[in-house]
Amino acid sequence: MYTGNKSRNIKARCDEVGMTVRVLFWISLIYSLINLGFFIFVSLKPAQEFSVSLVNTVTGPIGIASYEGGKAIQFAANVLNGSAQQYPKLVYAIGFFTQCMMNFMAVGMLWNIRNIFRNIDRRETPFLRENSKGMRFIGILVIIAVHIKTAFLPLLCAVLGVGAGGSEGMLNVPGLLAGGVIIGLSYIFDYGTVLQMEADETI
């Protein structure tokens, strides 16, 4: 009796978390699509409506790209160079584009988490190949997402002639470790899936 009640309580909590994740997924998807629409809208505006300012700090110049009808975008120290002020629209578009990329990375993570809880609800076990694949994908997305600002953004700015390469290291070690841990856990789930299949065959 106790085991049955405990199992039902755990399943109820999984259902609650799964519902929360589904809500967050749709909110993040709508938010990301709105941002993408705004990015397309801004790309059609004249360059005169944009500006870039560089603020000198101890670690190097911090860039701030502004648009008259929208929010300002801040760049980390030494990401932008002096030429960025001559191409404010390009700089703003780069910054906003990378933000859109990060938004869709979050959508991808929530999509996979949503699928994991949906599979648990339908199959009543977390040990499924679909779930382990979803966890691996989440780990990969985490690694990509944390490197968008530290590696992709500085490189993109440098290639387009408005960047100085950035002062931060290209490799985000904490993010890499976090993604690696999630990928490692996915292989543990793979092992659990094999044991689950063997147990089912035995029964």
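**Rings and a core**

Student: Is F96 buried or exposed?
Tutor: F96 is buried, at 2% relative accessible area (buried is under 20%, exposed over 50%, partly exposed in between, with a 1.4 Å probe and protein chains only). This is a predicted model, where local features need pLDDT of at least 70 and side-chain atom pairs 80 or more, while totals for chains, interfaces and linings use all residues. Residues are numbered from 1 along each chain as its sequence is written, and side-chain values use heavy atoms, without hydrogens and water.

Student: OK, rings! How many aromatic pairs are there?
Tutor: The whole structure has 11 (Phe, Tyr or six-membered Trp rings with centres within 6.5 Å; planes under 30 degrees apart are stacked, over 60 edge-to-face, the rest tilted). F25 and W26 are edge-to-face, because their planes are at 70 degrees, with centres 5.1 Å apart.

Student: And how exposed is W26?
Tutor: W26 is partly exposed at 46%, whereas F25 is buried at 5%.

Student: Back to F96, which ring does it stack with?
Tutor: With F39: the centres are 6.4 Å apart and the planes at 10 degrees, so the pair is stacked.

Student: New topic: what's in the largest nonpolar core?
Tutor: That core has 18 residues, and F75, L80, V91, Y92 and C157 have the most contacts inside it (buried Ala, Val, Leu, Ile, Met, Phe, Trp, Tyr and Cys joined through side-chain atoms within 4.5 Å).

Student: Which element gives the most?
Tutor: α2, with 5 residues.

Key:
Helices (H or I, at least four residues) and strands (E, at least two) are DSSP runs, numbered from the N terminus.
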